[in-house]
Amino acid sequence: MNIDYTAILSANYAGKQWAMNGDDYDGLVWLDSTPKPTQVELDAQWPTVQYNQQYAQVQTTRRADYEAQSDGLFFEWQRGTNTQAAWEAAVQAVKDANPYPPTP
């Protein structure tokens, strides 16, 4: 498993002082006055951090796809030049193309 310690520390240790030399736990230089988290502690946090990253990416992609594929249909429906069903189908197509990751 490839664990992104920088992502974990950025997400869960905001305000703490640390530096990374490389990508491995051994490269973590803990500069904060609080105890340095262990590798086991950080490894246990990775599935949630990874899930949150993937979830955010899906949200970003969906937002762009809604704008490109369904927003126009929504306004057409509101003006009476298209149907609610057409708009809802476009929204569902975006959701189907960009599913959320499974919860860890």
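These legends walk through several views of one predicted model.

**View 1. The whole chain, from end to end.**
Residues are numbered from 1 along each chain as its sequence is written. Because this is a predicted model, local features need pLDDT of at least 70 and side-chain atom pairs count only at pLDDT 80 or more, while totals for chains, interfaces and linings use all residues, and side-chain values use heavy atoms, with hydrogens and water left out. The chain has three helices and two strands; here helices (H or I, at least four residues) and strands (E, at least two) are DSSP runs, numbered from the N terminus. Starting at the N terminus, the elements follow the order α-β-β-α-α. The chain is more spread out than a compact globule, because its radius of gyration is 21 Å, well over the 13 Å that the globule rule gives for 104 residues. That radius is taken over C-alpha atoms, and the rule is 2.2 Å times the number of residues to the power 0.38. Along the principal axes, the C-alpha atoms fill a box of roughly 65 × 25 × 20 Å. Of the 104 residues, 26% count as buried, where buried means under 20% relative accessible area, exposed over 50%, and partly exposed in between (1.4 Å probe, protein chains only).

**View 2. The largest nonpolar core.**
A nonpolar core is a set of buried Ala, Val, Leu, Ile, Met, Phe, Trp, Tyr and Cys residues joined through side-chain atoms within 4.5 Å. The largest one here has 13 residues, and Tyr-5, Ile-8, Leu-9, Leu-28, Leu-42 and Trp-46 touch the most other members. Helix 1 (5-12), strand 2 (28-30) and helix 2 (39-79) each supply at least two residues of this core. With four residues, helix 1 gives the most.

**View 3. Helix 1 and its partners.**
Look for Tyr-5, Ala-7, Ile-8 and Leu-9, the buried residues of helix 1. They pack against strand 1 (18-20), strand 2 and helix 2. Leaving out residues up to four places away in sequence, Ile-8 is in contact (heavy atoms within 4.5 Å) with Ile-3, Tyr-13, Leu-42, Gln-45, Trp-46 and Val-49. At the start of the helix, a side-chain oxygen of Asp-4 comes to within 3.2 Å of the backbone nitrogen of Thr-6.

**View 4. Pro-37 in its loop.**
Pro-37 lies in the loop between strand 2 and helix 2. Its relative accessibility is 3%, so Pro-37 counts as buried. Beyond residues up to four places away in sequence, Pro-37 touches Leu-9, Tyr-13, Tyr-25, Trp-30 and Leu-42. Tyr-13 is 24 residues from Pro-37 in sequence, and their C-alpha atoms are 9.5 Å apart.

**View 5. Arg-62, a buried charge.**
Arg-62 lies in helix 2. This residue is buried yet has no salt bridge, meaning a side-chain nitrogen of Lys or Arg within 4 Å of a carboxyl oxygen of Asp or Glu. The nearest side chain of opposite charge belongs to Asp-96, 7.0 Å away; Lys and Arg count as positive and Asp and Glu as negative, with His and the chain ends not counted. Apart from neighbours within four places in sequence, Arg-62 is in contact with Val-94, Lys-95, Asn-98, Pro-99 and Tyr-100.

**View 6. Ser-70 in helix 2.**
Ser-70 also has its place in helix 2. At 2% relative accessibility, Ser-70 counts as buried. Setting aside residues up to four places away in sequence, Ser-70 touches Asp-65, Trp-87, Ala-90 and Val-91.

Definitions and conventions. A polar contact is a pair of N or O atoms within 3.5 Å; within protein, one must be able to donate a hydrogen and the other to accept it, and residues adjacent in sequence count only if both atoms are side-chain atoms.
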